[in-house]
Amino acid sequence: MTDRTTVTRDATGTAGIDRRLIPPMMLGSVLNPINSTVIAVALVPIGAAFGAPPAQTAWLVSALYLATALGQPIVGRLIDIFGPRRLFLVSTSLVGVAGVVGTLAPNLAVLIGARVLLGFGTCAGYPAAMALLRSEAERTGEDSPAGLLTALAVANQTIAVIGPLLGGLLIGLGGWRSTFALNIPLAVVAVTLGALRLPKQPRTDATARGRVTAQIDLPGMALFAAMLFSLLLFLMNLHASTWYLPVIAVAAGAAFAVRELRAATPFIDLRVLSGNAPLLATYGRALVAYVVSYAFLYGFTQWTEESYGLDPFHAGLVQIPMFLVGIGVSVVAGRRRGVLGKLLLGGTGQIVACALMLTLTADSPLWTLLLLAVIFGVPQGSNNLALQNSVYFQSDPERTASSAGLLRTFAYLGSMVASSATAASFGQHAGTSGMHHLAWIMLGAGVLYLLITVLDGSLRRLTADPAEPARTA
């Protein structure tokens, strides 16, 4: 990366993280969560506009995460090879294109296509931020960016606070199409900041470019995409008629494993990954944690609108306590070393919240919905921070961006399961019995999350301070 002169200095005078990188890092990483939360209160109005039931509008959620789950590890690997600037600029430009397509969409199919573009467009933000953190830590010799990791988590939580409320306001002012138009100015700002502030890669000659290009494992990426795409399509439409999709996923997965074990520079180094049990456990926790998180975000929100009778704006307000508490938990927990306590707190919070969700009916007082949101805020803040810190310290430094992308892929797998469970639980109407059915699924995922955490002995040796000699397994 090129030299940069604008740096911060701590009390000892040691050069710190370049402050100019923080705005594009933060904005790029929040493009995905803001689109996740804004759409939560727009599903019912969109369904009404196109005459589509919840089972069909669920594709608006699934489409974004399908594209992002495929794209993030691939873009993350390209960032590891080429640096963050180019991938960031191309991806965030797609966000603006998706905003235009969604704003003008004549039907649900085109709208789903816009969400696919959004998924690919938001792929680079988070891996780029993690790669920049790693490169800045190496440049400054301060290999403990706990403060910025916490800030990254808080930024995502803050945007999540704004998302449902902003979505309700936009729908009230300009209809559901304004939730897509929002991406146009966001993309303009992101591309501008990226162009002005992200470090340029040094120019290389043809021989050096050839060596770099040789590191791109295109067959491995293609097989990974085929495996994940068929698996996610199956999860989004669990039906006997789609039996062939898991068969394709298994076949593509087997071919992918053979390819990666033989490749000189594999897309995903399975030898290293298979030997990193703590990182694999972190990915498993991310999957089940996001089953709970996204089932609540989308499923519970639809129930508050269709059965409890709230309009989109007030349905967004009900979500606010969850994200406010999440911010508070992230700030407080971010000051403490280690991740085990954060994970146990998050796992317990999920179980308590799901149990309370089972007691709610359309006649429940409003304060019980707000209490539920408050309790869900505890795992919202604790889990996100702990999972992010875990991947940063457990991953191979040379593959930080692709490892961060894989974390999001497993999170999006969880969101796919949540979307499928929501569609199966509600069917044609988001009723109370369907909400209770969904809560049982969420409770099972919460228990599994806690078990994975309790049985993972490596967490006791993982601290948030890499200066500690026994920070990983």
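Start at the second largest cavity, whose lining residues divide into five nonpolar, three polar and no charged (Ala, Val, Leu, Ile, Met, Phe, Trp, Tyr, Cys and Pro count as nonpolar, Asp, Glu, Lys and Arg as charged, the others, Gly among them, as polar). The model is predicted: local features need pLDDT of at least 70, side-chain atom pairs count only at pLDDT 80 or more, and totals for chains, interfaces and linings use all residues. Residues are numbered from 1 along each chain as its sequence is written, and side-chain values use heavy atoms, with hydrogens and water left out.

Select Leu 43, Ala 58, Val 61, Tyr 298, Gln 302, Ala 418, Ser 419 and Thr 422 to show the lining. Two or more of these residues come from each of helix 3 (54–82), helix 14 (277–306) and helix 18 (400–426); helix 18 gives the most, with three. A cavity here is a set of points on a 1 Å grid over the protein atoms alone where a 1.4 Å probe fits but cannot get out, and lining residues have an atom within 4 Å of a point.

Next, select helix 5 (residues 108–121). Helices are DSSP runs (H or I, at least four residues), numbered from the N terminus. Asn 107 caps the N-terminal end of helix 5, with a side-chain oxygen 3.2 Å from the backbone nitrogen of Ala 109. Among the buried residues of helix 5 are Leu 111, Arg 115 and Gly 119.

Finally, go to Asn 389 in helix 17 (residues 366–394). Asn 389 counts as buried because its relative accessibility is 5% (buried means under 20% relative accessible area, with a 1.4 Å probe and protein chains only).

Methods. On a 1 Å grid over the protein atoms alone, a cavity is a set of points where a 1.4 Å probe fits but cannot get out, and a pocket is an open set with protein on both sides within 12 Å along at least five of seven lines; lining residues have an atom within 4 Å of a point. Buried means under 20% relative accessible area, exposed over 50%, partly exposed in between (1.4 Å probe, protein chains only). The expected span of a helix is 1.5 Å times one less than its number of residues. A polar contact is a pair of N or O atoms within 3.5 Å; within protein, one must be able to donate a hydrogen and the other to accept it, and residues adjacent in sequence count only if both atoms are side-chain atoms.
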